[in-house]
Amino acid sequence: MSSSVAPFKNQHYAHLKRDCIKNKKLFEDPEFPANDSSVFYKEKPCGIVEWKRPGVSASKKIWY
């Protein structure tokens, strides 16, 4: 299957998915790490940011 989408920083979805399945690990994007530096540039958050994967529910849901 061909795609006209250009991979970001040479990240190919099919290759990443295959490697994760083969190695039985969840994908962690080195270009967008799950830490404050990915979402805050100058100021730190006023609260605690807890990174979760889709499907993991929070005790108190807040939808924006």
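Here are some questions and answers about this predicted model.

Q: What percentage of the 64 residues in the protein chain do buried residues make up?
A: A residue counts as buried when its relative accessible area is under 20%. Phe32, at 42%, is partly exposed, and Lys9, at 54%, is exposed. Across the 64 residues of the chain, the buried share is 3%.

Q: Which geometry does the aromatic pair of Phe32 and Trp51 have: stacked or edge-to-face?
A: A search of the whole structure turns up 1 aromatic pair. Its ring centres, in Phe32 and Trp51, are 5.9 Å apart, and the ring planes meet at 70°. Planes over 60 degrees apart fall in one class, so the Phe32 and Trp51 pair is edge-to-face.

Q: How many residues apart in sequence are the parts that Phe32 and Trp51 tie together?
A: Both Phe32 and Trp51 lie in the segment after helix 1. Phe32 has 42% relative accessibility and so counts as partly exposed, and Trp51, at 35%, is also partly exposed. The parts that this pair ties together are separated in sequence by 19 residues.

Q: What is the area of the nonpolar surface patch made by Phe32, Val39, Val49 and Trp51?
A: The patch includes Phe32 and Trp51, whose rings also form the edge-to-face pair. Val49 sits in the segment after helix 1 and, at 36% relative accessibility, is partly exposed. With Val39 as another member, the patch comes to about 340 Å².

Q: What is the N to O distance in the salt bridge where the side chains of Arg18 and Asp19 meet?
A: Arg18 has a relative accessible area of 48%, so it is partly exposed. Asp19 is partly exposed too, at 31%. A salt bridge needs the nitrogen within 4 Å of a carboxyl oxygen, and for Arg18 and Asp19 the distance is 3.6 Å.

Technical notes
Residues numbered from 1 in each chain as written. Predicted model: local features only at pLDDT ≥ 70, side-chain atom pairs only at ≥ 80, totals over all residues. Heavy atoms only, no water. Phe/Tyr/Trp six-rings, centres within 6.5 Å; stacked < 30°, edge-to-face > 60°. Helix = DSSP H or I, 4+ residues; strand = E, 2+ residues; numbered from the N terminus. Buried < 20%, exposed > 50% of the residue type's maximum accessible area, 1.4 Å probe, protein only. Patch = residues over 30% accessible without salt bridge, like charges linked within 9 Å, V, L, I, M, F, W, Y side chains within 5 Å. Areas by Shrake-Rupley, 256 points an atom, 1.4 Å probe, with all protein chains shown as cover.
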